[in-house]
Amino acid sequence: MKRMKQSLCLVFALLLSAVMALGSAAAVQVDEPIAKALDYYRTELAPSFANGDLVADVWETICVVQAGKADDAQYQFMLSEGPALTQQSLPSDYAKKLIAYILLDQDVSSLANELAAMQDDSGAFVRGETQLVTNTSYSVLALLAARAHGVEVSFDCDKAVAAITAQAKADGGYNDYGEEGNVDTTGMVLLGLAAAEANGCSAAAGAVDSAAAFIQSTLQDTGYFVGEGMYDSPNACSQAYAILGLIAAGEDLTDAKWDASINALLACQDAGGGFWFQEDRVEGQWPFAPDQMSTYQAMMAL
């Protein structure tokens, strides 16, 4: 395997390196919880990766790179080349694979151009009949990362932003599967919008502010961000994406005013280092134990 990149490209430096560097700067110290989460992967999840029950996600690759563990043999199982691509793969699948290839320092020219070709006349990234705002947001993030990586790729960022904002809900949030905005999807969308704004797309600035305002409107006295509909109860995944989205939008999560929100996420971590989907950890509730997705999303936010 090629030597892993130890620093991310410009887009990730703007959006994700800041997120994952909070350990030494945040009012709530998070270095130890991140280390515990990595230990949970190494001691509890590694066998499931080895036998194929679990498969690494590109976001786990980001976590490993940013934690400085990319060359550590104990964590190689967390590295991913992205999802296998088929005729049914969505633009978001291509985007995730493109991000993984950038992290692995592989040639991404062909893949970037394949993804760029999926942009339609409205500016959205579409394949087949599936219309998802996250397809366009992730595509913007990945293609801007490719450009920052030195790849010449042609797509219309302004039109992509217009296609994203056209799918905003009345409450200012985003949701691929409902009429009200939800925290998770809005956080994901903010990664693409903030990348567009950072790369000179003026139309993205107002969209970033509006989406960030929606996330802040869901903040509870407990520190949790709680939406309506599909994710109408406090959970680690929504909390992680709210934090990611706000940092992408320029919010300083190291400010003490956000301590309750960081602590709310940490409340979902158990003594073994894994994160439960919900803080109450009810046996028999899905997921019924610390799980892969909640843990890597929490690590990203921390």
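Throughout these views, a residue is called buried under 20% relative accessible area, exposed over 50% and partly exposed in between, using a 1.4 Å probe and protein chains only. The model is a predicted one, so local features need pLDDT of at least 70 and side-chain atom pairs count only at pLDDT 80 or more, while totals for chains, interfaces and linings use all residues. Numbering starts from 1 along each chain as its sequence is written, and side-chain values use heavy atoms, with hydrogens and water left out.

**View A. A patch of negative charge sits on the surface.** Asp171, Glu179, Glu180, Glu228 and Asp232 gather here. Patch members have over 30% relative accessible area and no salt bridge, and like charges are joined within 9 Å. Asp and Glu count as negative, Lys and Arg as positive, and His and the chain ends are not counted. Each charge is placed at CG of Asp, CD of Glu, NZ of Lys or CZ of Arg. The areas come from the Shrake-Rupley method with a 1.4 Å probe. Take Glu228: this residue is found in the loop between helix H9 (203–217) and helix H10 (236–248), and counts as exposed because its relative accessible area is 53%. Helices here are DSSP runs of H or I with at least four residues, numbered from the N terminus.

**View B. Lysine 96 and aspartate 57 form a salt bridge.** A salt bridge is called when a side-chain nitrogen of Lys or Arg comes within 4 Å of a carboxyl oxygen of Asp or Glu. In this pair the closest N and O atoms are 2.8 Å apart. The link joins distant parts of the chain, with lysine 96 in helix H4 and aspartate 57 in the loop between H2 and helix H3 (58–66), 39 residues apart. Both partners are buried.

**View C. Aspartate 39 pairs with arginine 42 in another salt bridge.** Here the closest N and O atoms are 3.1 Å apart. The two sit three residues apart in helix H2 (residues 31–50), so about one helical turn separates them. Aspartate 39 is partly exposed because its relative accessible area is 32%, and arginine 42 is partly exposed at 30%.

**View D. Lysine 257 meets glutamate 251 in a salt bridge.** The N to O distance is 3.3 Å. Lysine 257 is exposed, with a relative accessible area of 55%. The structure holds three salt bridges.

**View E. Cysteine 157 and cysteine 201 are not in a disulfide.** A disulfide needs a pair of cysteine sulfur atoms within 2.5 Å, and by that rule the count comes to zero. For cysteine 157, the nearest cysteine sulfur is that of cysteine 201, 4.7 Å away. Cysteine 157 counts as buried because its relative accessibility is 12%, and cysteine 201 is buried too, at 3%.

**View F. Aspartate 105 has a positive phi.** Most residues other than glycine have a negative phi. For aspartate 105 the value is near 60 degrees. This residue lies in the loop between helix H4 (91–103) and helix H5 (109–116), and its 36% relative accessibility makes it partly exposed.

**View G. Leucine 132 and asparagine 175 are 43 residues apart along the chain.** Their C-alpha atoms are separated by 8.6 Å. Leucine 132 lies in the loop between H5 and helix H6 (133–148), and counts as buried at 11% relative accessibility.

Methods
Patches are made of residues with over 30% relative accessible area and no salt bridge: like charges are joined within 9 Å, nonpolar side chains (Val, Leu, Ile, Met, Phe, Trp, Tyr) within 5 Å.
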